[in-house]
Amino acid sequence: MDGNRLFVAIDFSDAIKELLVRLNPHLPGVRWLEPEQVHLTLSFLGQVYADEEELFRGKLQTIRFIAFFLPITGVGVFPAKGKPRVIWAGVGRGHPQLFHLKKKVQEAALAAGLAPDLRAWHPHITIARCRDVSVEHVRPFLKTNSDFDAGLTRLESFSLYSSVAGRYTRELEVKAN
């Protein structure tokens with residue numbers, strides 16, 4: 001299939017990314033992400049044909065939003081029960097601006113003829129991926145960092161990315177008004 005594997009995400013400052021990467025406890029079976037891979041996914045679109053991507057880019061560029069602050073606090077795992085697959089940093093709860101921005105991105109996908117990402121959304125920042133580890137294996141890390149708080153970060157843009165073999169390329173950046 002021609003086209004790109006696409007997702008829309010919010011990036012963070014290098015300082016925030018480095019802070020998250022430094023949490024790495026170097027556990028066997030846990031692969032910490034590189035700073036350039038750290039982001040908050042707003043929508044995963046999968047493989048998108050070139051003509052659909054062009055239309056989607058145009059729709060994304062019409063999105064208007066104001067910059068807002070988001071807390072980066074706490075750590076956890078997905079799934080909540082069973083063997084963890086992802087270790088994440090939290091972004092708090094109930095941020096209307098964040099949910100409104102996600103809604104606008106989903107509407108842009110629909111307007112471009114793309115299937116929106118309709119899975120339940122639990123905003124988070126993936127910081128590590130786990131392979132065949134038990135929750136007991138990561139529990140000391142979770143306990144040690146239960147009060148992790150990187151403070152507030154100002155979000156002024158979101159980006160469209162393509163992904164090839166775990167490498168992300170920014171295709172478009174949309175800035176706040």
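Modeller: Let us begin with burial, where buried means under 20% relative accessible area, exposed over 50%, and partly exposed in between, with a 1.4 Å probe and protein chains only. Here Trp32 is buried, and Phe141 is buried as well. Keep in mind that this is a predicted model, in which local features need pLDDT of at least 70 and side-chain atom pairs count only at pLDDT 80 or more, while totals for chains, interfaces and linings use all residues. Residues are numbered from 1 along each chain as its sequence is written, and side-chain values use heavy atoms, with hydrogens and water left out.

Biologist: What is the angle between the ring planes of Phe99 and Trp121?

Modeller: Rings of Phe, Tyr and Trp (its six-membered ring) pair if their centres lie within 6.5 Å, and planes under 30 degrees apart count as stacked, over 60 as edge-to-face and the rest as tilted. The planes of Phe99 and Trp121 stand at 75 degrees with the ring centres 5.1 Å apart, so this pair is edge-to-face. Helices (H or I, at least four residues) and strands (E, at least two) are DSSP runs, numbered from the N terminus. Because Phe99 lies in helix α3 and Trp121 in the loop between α3 and β7, the pair ties together parts that are 22 residues apart in sequence.

Biologist: Are these two residues buried or exposed?

Modeller: Phe99 is partly exposed, with a relative accessible area of 37%, whereas Trp121, at 19%, is buried.

Biologist: Which residues of α3 are buried?

Modeller: The buried residues of α3 are Leu98, Leu101, Lys102, Val105, Gln106, Ala108 and Ala109. They cover an arc of only 155 degrees around the axis, which puts them on the same side of α3; the arc is that of the directions from the helix axis to the C-beta atoms. On the other side of α3, Pro96 and Leu110 are exposed.

Biologist: What covers the buried residues of α3?

Modeller: Contact means heavy atoms within 4.5 Å, and the cover of these buried residues includes β1 (4-10), β3 (40-48), α2 (50-61), β4 (68-73) and β9 (157-164). Phe56, for example, touches Val105, Ala108 and Ala109, among others, not counting residues up to four places away in sequence.

Biologist: Where is Arg131 placed?

Modeller: Arg131 sits in the loop between β7 (124-130) and α4 (135-144), and because its relative accessibility is 69%, Arg131 counts as exposed.
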